[in-house]
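Please look over the structure shown here. Some questions on its packing follow it.

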Amino acid sequence: MSTTTQGTSTPAPSPRRALPPSGPVRMGALDALLGDPDDPANPVGSAAVLDADERGEMLAAGEDALQAYGLGAEFVPAGLGGRLTRLDHLVDVMRAVYRRDPCLGLGHGAASFIAAVNIWTAGDDRQRAEAARLLRGGGRIAVGYHELAHGNDMARTEFTALPRGDRLVLDGRKEVITNARRADALVLLARTSTAPGSRSHSQVYVPVADVPAGRLTHLTRYRTTGMRGVQLGGLRFDSCPLPATSVLGGTPGRGLETALRSFQITRTTLVSMSVGIVDTALDIALRHVRNRRLYGRTAADLPHVRSVLTGVHVDLLTADALATVATRALHLLPGETAIHAQAVKYVVSGILMEAMNRLSGVLGAHFYLREGPSALFQKLLRDIQPVGFGHAARAACQVSLLPQLPLLARRAWREHRTPPAALFAPGEELPPLDFGALALSAGGRESLSTSIAAALAGLPDGTGTAYGLLRAHAERFAREPARLAEECAALDPGELSVAASPYAYDLTTRYTTLLTAASCLGIWSWARRTGVPGLSEPDWAAAALHRLSTPRGAAARALPRPLEDALWERLVERHRTGGGYTLLPRASQHSADAEGRNP
């Protein structure tokens, strides 16, 4: 039996599946539960996903399937009865959802995770236990950070939770909240003091059932171009009394600090989850060109088409490399991830959006058709867009990086610290995640960007195009920290804010490109030492560094023909086996050729 208050309901706990601890295995179990996406009779297949999108609704059968799987338990730390032990395993599971329907990924999953991370980071024992129980039982938590009038400037929050006697009184509006109307509990950033400064802000945990009648109004739902099924709304509180114990952790004044720590986890993992969108889109494009006949041959036989698709695959591997390293760093280097999270949001989201645009060119007129075998692509193209501005805009991440550049110039790029080898080992063991170890600032300490020199020193004397290209670009990137140190140390203080010049913004681009190159080279070096099939070959890493070294859109980004041919053959093999297109192939129950869908 559920209790309904203010239009929401708290579901009775549903039995959770007993699933193995491995993230990839859980991802496979979820993929099998969701079934074949191309089966028109599958209630969670692509046809059903598109129908729900046309109606602007969440796919009900998809939500039922995720409830049966017990997705909420993925967001709850194991110590609180959930399955969350490693963030890379969470990403594995959520990519299975994002590959199927990004609306389910955000609206039924990640939105609750964004809210819950604040509770795991700063909540007291009672708040953590209550939130864990809610999520394990299939409930939802929504978070309200932003107000439209102030955008990313959360320090100017007008929403208040001011003390009155032994109570807090909530007043004001929060807008553009995922699941605002459907949430069972809320985490809200509020001003808890009228004094100036960051210590005047707190986060409050609000079970919706505890809100007195008439004190909460749900605002009109926002309609969107992409993520049509995700319910975005707003809330208005009018003199709403709550216990003073509603403040997360019980100590007022830590709201912005908690948000900044939580963002390091959510910005990194949510962007990494969105890799699953491009994974599906690339599969759609490959299927299309292998079946489409033009000029007496298949479109896949055209050199330009092969070049574009191969380039997209390399870029997807590149994006996955940085996202993977940054996710592992949350466990291994929590003092440095204030930098990594900004880099992932800026770099990976840009790569993913550009990849979708390039794939739309391959599909031609088919990319915007809402019917037919490629119909899902137009939805994915729309759904990918929030990855660049949701939660924080890419430009805001650059602004956050600017004041760190002079510190990096004085410390990191002179000290040449060595990161742990496990940072570059996808899928390998990780220490427990410590939410409290996340630092507000890296303080000029960062070891990823200078790791290229060590990787270069261990580069074998291989022959051939790939090794030559890999060495040439690795040598260039190994010199980049010294060049950046000289230029960043000379930055005028006026260049370290939103008023910075294009030159200063370009320095953040060069720095995040360096981090990306270091991630690719580090993962390849690990794969070569450990003999990981496919990933240990130098061609993908050489191609990744080559494309990172040249401006987007430049003809020079084209790969040498022998290298491109080798990568194309590997891409076709991934398509044939249904193993996906990220760094580590996944087991698939839906092999393209096995079911006769490709020639």
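Predicted model: local features only at pLDDT ≥ 70, side-chain atom pairs only at ≥ 80, totals over all residues.

Q: Are the residues of strand β3 buried or exposed?
A: Strand β3 spans residues 141-144. Ile141 and Val143 lie on one side, Ala142 and Gly144 on the other. Both faces are covered, and these four residues are all buried.

Q: Which residue in β6 stands opposite Val143?
A: Strand β6 covers residues 185-191. β3 and β6 pair in the parallel sense, over 4 bridges. Opposite Val143 stands Val187.

Q: How are α4 and α5 oriented to each other?
A: Their axes come within 6 Å and cross at roughly 150 degrees. Angles over 145 degrees count as roughly antiparallel. The two helices, α4 and α5, are therefore roughly antiparallel.

Q: How many nonpolar residues are in the contact of α4 with α5?
A: From α4, the contact takes in Leu87, Leu90, Met94, Val97, Tyr98 and Arg100. From α5 come Pro102, Leu104, Gly105, Leu106, Gly109, Ala110 and Phe113. By class, 2 are polar and 1 is charged, and the nonpolar residues number 10.

Q: Is Asp88 buried or exposed?
A: Asp88 is found in helix α4, residues 87-100. Beyond its neighbours within four places in sequence, Asp88 is in contact with Thr327, Arg328, Gly427 and Leu430. The cut-off for burial is under 20% relative accessible area. Asp88 has 13% relative accessibility, so Asp88 counts as buried.

Q: What is the relative accessibility of Ser262?
A: Ser262 is found in helix α7, residues 255-273. Residues up to four places away in sequence aside, Ser262 touches Val117, Asn118, Thr121 and Tyr145. Ser262 counts as buried, and its relative accessibility is 0%.

Q: How many residues of helix α11 are buried?
A: Helix α11 runs over residues 375-383 and is mostly covered. The cover of its buried residues includes α2, α5, α8 and α10. Among the buried residues are the charged Lys379, Arg382 and Asp383.

Q: In which hand does α18 pass α19, and how many charged residues does the contact have?
A: α18 passes α19 in a left-handed crossing. Asp539, Trp540, Ala542 and Ala543 in α18 meet Leu563, Ala566, Leu567 and Arg570 in α19. The contact has 6 nonpolar residues and no polar ones, and its charged residues number 2.

Q: What is the phi of Asn179?
A: Asn179 sits in the loop between β5 and β6. Asn179 is buried, with a relative accessible area of 0%. Phi is positive here although the residue is other than glycine, with a value near 65 degrees.

Q: Where does Met227 lie?
A: Met227 is not a glycine, yet has a positive phi of about 50 degrees. At 8% relative accessibility, Met227 counts as buried. Its place is the loop between β8 and β9.

Notes. Residues numbered from 1 in each chain as written. Heavy atoms only, no water. Buried < 20%, exposed > 50% of the residue type's maximum accessible area, 1.4 Å probe, protein only. Pairing = 2+ DSSP bridges. Left-handed = near helix turned anticlockwise from the far one by under 90°. Contact = heavy atoms within 4.5 Å. Axes fitted to C-alpha atoms, helices over the stretch in contact; angles between N-to-C directions. Parallel < 35°, antiparallel > 145°, perpendicular 65-115°, else oblique.
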